[in-house]
Amino acid sequence: MTCGQRGSNLREYVSRNPPGATFFLCLLTLALSFIVLSSYSNSHTLPNPDIAQDWNTLLSSLSQFYLCEKENASSPVHAFPISLLRTMQEKDQKTSVNTTRPLSSVTVLHLRVPLTVTSSSPSAMLKDIGLSTTLTARQLNLGDKDLVNLTFEISSEDSKHICLSISAPTYILPMTLLPPECSTSETNISSVPVEVTNQLPASSQTCYSLYFKNDPALTVMLTLEEQSVAVRHLVEVSACLLGICLILSLAASLKNAAAYRDYLKGQDFQSEPLIES
């Protein structure tokens, strides 16, 4: 059977069997998509899909909230130095480690993160100030009811980064690719208690917005070995799908050729009585 005859048989089979042709095209499209994806994966660095939470996702969750000052928050009764807050958090961490099981141990981190803070009040001074609050792990997409203590230290030295002090159970924090630690500052910064809201209140409270830009340096990427394994699997699946497509094409061509031969035999059989008569 020539290639032209096979192609003609295949076209005839497609015209008579639209569902089979559609299934064949789906397999072929999927195989070609895997080939393109493997080529892209081989030339680009990819994020690790096994890491559900990293610091980009945590900071992105934080940026969805507004931080509004509580009433009389600026009074001496409520404001207290950041250094005292850090000492209290570290003391709580040591106590938790000594008195609870390992999964309940508390980690305290002081990290320089790419967050920008703006105020709803033009008169508010965003200079050498700290904003402290408490959220649940569920609000940050980190867990359920565990409490997370946060302090945002805003310095006049860097407008694109702030120092984030976070105290939370160790097992809910993303511990891969941590942002850099904050440098020790001798500036006496006081912390102001704030409450977290999803919308700006109608009252004249001073509220702060957090803006975050995704930092590629905080995304956990696949290693070269992991990426090569992924590419190899994509190529293997593509080869299997192309093999199936080839088998289906040959089967359809041969089946249609056999049916065509049977049809010709039937025609010859019907024409024989006419010739004898």
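Two disulfides (cysteine sulfur atoms within 2.5 Å of each other) turn up in a search of the whole structure. This is a predicted model, where local features need pLDDT of at least 70, side-chain atom pairs count only at pLDDT 80 or more, and totals for chains, interfaces and linings use all residues. Residues are numbered from 1 along each chain as its sequence is written, and side-chain values use heavy atoms, without hydrogens or water.

| Pair | S-S distance | S-S torsion |
|---|---|---|
| Cys 68 and Cys 207 | 2.0 Å | about 105 degrees |
| Cys 163 and Cys 182 | 2.1 Å | about 125 degrees |

The disulfide of Cys 68 and Cys 207 is right-handed. Cys 68 sits in strand E1 and Cys 207 in strand E9 (residues 207-212), so the bond ties together parts 139 residues apart in sequence. Strands are DSSP runs of E, at least two residues, numbered from the N terminus. Cys 68 is buried, at 1% relative accessibility. Buried means under 20% relative accessible area, exposed over 50%, partly exposed in between (1.4 Å probe, protein chains only). Cys 207 is also buried, at 1%.

The disulfide of Cys 163 and Cys 182 is right-handed. Cys 163 is buried at 10% relative accessibility. Cys 182 is buried at 16%. In sequence order, the bonded cysteines pair 1-4, 2-3.

Cys 245 is in no disulfide; its nearest cysteine sulfur, that of Cys 26, is 10.0 Å away. Cys 245 is buried, at 5% relative accessibility.

Leu 67 lies in strand E1 (residues 66-69). Leu 67 is buried at 2% relative accessibility. Its contacts (heavy atoms within 4.5 Å), not counting residues up to four places away in sequence, include Leu 131, Phe 152 and Cys 207.

Methods
Helix = DSSP H or I, 4+ residues; strand = E, 2+ residues; numbered from the N terminus.
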